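Let me put the chain up on the screen, and then I'll walk you through it.

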Amino acid sequence: MAVAAHEEFDVFAATELAVGVTYAEAVERAGSLPVVLAPVAMEMIDPLLARLDGLCISGGPDLDPSFYGAAAHPELGPTFPDIDRFELAILRHAQARGLPVRPSD
């Protein structure tokens with residue numbers, strides 16, 4: 001999932017989530033209903049996953065290296081640790097439930 005921070009109305013910075021239409025179209029062509037997930041509170045992950053049949057991880061900005069015990073590389077792009085935390089948690093929970101998980105190609 002792409003994440004972008006920008007100035008909106010020159011008053012505050014906003015973070016937006018975006019997934020290209022091609023992801024949704026590919027899920028539909030595969031015979032499923034696409035659902036784009038926004039980060040939710042950690043205690044809501046299991047109830048959310050109970051309504052899904054699988055998970056496709058779309059990718060996005062760089063993963064904060066602190067999540068895998070590494071130092072930041074000089075070419076590291078922008079990171080969003082709160083979103084990384086949610087996406088890693090939902091991935092772990094989906095795997096624990098035995099849901100099919102597919103990374104984007």
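I'll go from the overall layout to the core, then the pocket, then a few spots in one loop.

Quick housekeeping: this is a predicted model, where local features need pLDDT of at least 70, side-chain atom pairs count only at pLDDT 80 or more, and totals for chains, interfaces and linings use all residues. Residues are numbered from 1 along each chain as its sequence is written, and side-chain values use heavy atoms, with hydrogens and water left out.

So, the layout. We've got three helices and four strands, and reading along the sequence they come as β-β-α-α-β-α-β. Helices here are DSSP runs of H or I with at least four residues, strands are runs of E with at least two, and both are numbered from the N terminus. Of the 105 residues in the chain, 19% are buried. Buried means under 20% relative accessible area, exposed means over 50%, and partly exposed is in between, with a 1.4 Å probe and protein chains only. The chain exposes about 7,300 Å², and carbon and sulfur atoms supply 56% of that; those areas are Shrake-Rupley values with a 1.4 Å probe, and for residues only the protein chains shown count as cover. Now contacts, meaning heavy atoms within 4.5 Å: take the ones between residues at least 6 apart in sequence, and 52% of them join residues at least 24 apart.

On to the core. Which residues make up the largest nonpolar core? There are eleven: Leu37, Ile45, Leu48, Leu49, Leu52, Leu55, Phe86, Ala89, Ile90, Ala94 and Leu99. A core here is a set of buried Ala, Val, Leu, Ile, Met, Phe, Trp, Tyr and Cys residues joined through side-chain atoms within 4.5 Å. α2 (45–49) and α3 are the elements giving two or more residues to this core, and α3 gives the most, with four. Have a look at Phe86: leaving aside neighbours within four places in sequence, Phe86 contacts Ala38, Pro39, Val40, Met42 and Ile45.

Next, the lining of the largest pocket. By class, that's 24 nonpolar, five polar and five charged residues. Nonpolar covers Ala, Val, Leu, Ile, Met, Phe, Trp, Tyr, Cys and Pro; charged is Asp, Glu, Lys and Arg; the others, Gly among them, are polar.

Last stop, the loop between β3 (55–57) and α3 (81–97), where we find Pro65. Is Pro65 buried or exposed? Buried, because its relative accessible area is 4%. Apart from neighbours within four places in sequence, Pro65 touches Ala70, Ala71, Ala72 and Leu76, by that contact rule. Eleven residues separate Pro65 and Leu76 along the chain, and their C-alpha atoms are 8.9 Å apart.

Gly77 is in the loop between β3 and α3 too, but Gly77 is partly exposed, at 25% relative accessible area. Its C-alpha is 9.2 Å from that of Asp64, 13 residues away along the chain.

And Ser58, again in the loop between β3 and α3, counts as buried because its relative accessibility is 16%. The C-alpha atoms of Ser58 and Ala18 are separated by 9.9 Å, with the two residues 40 apart along the chain.

That's me done, so over to you.
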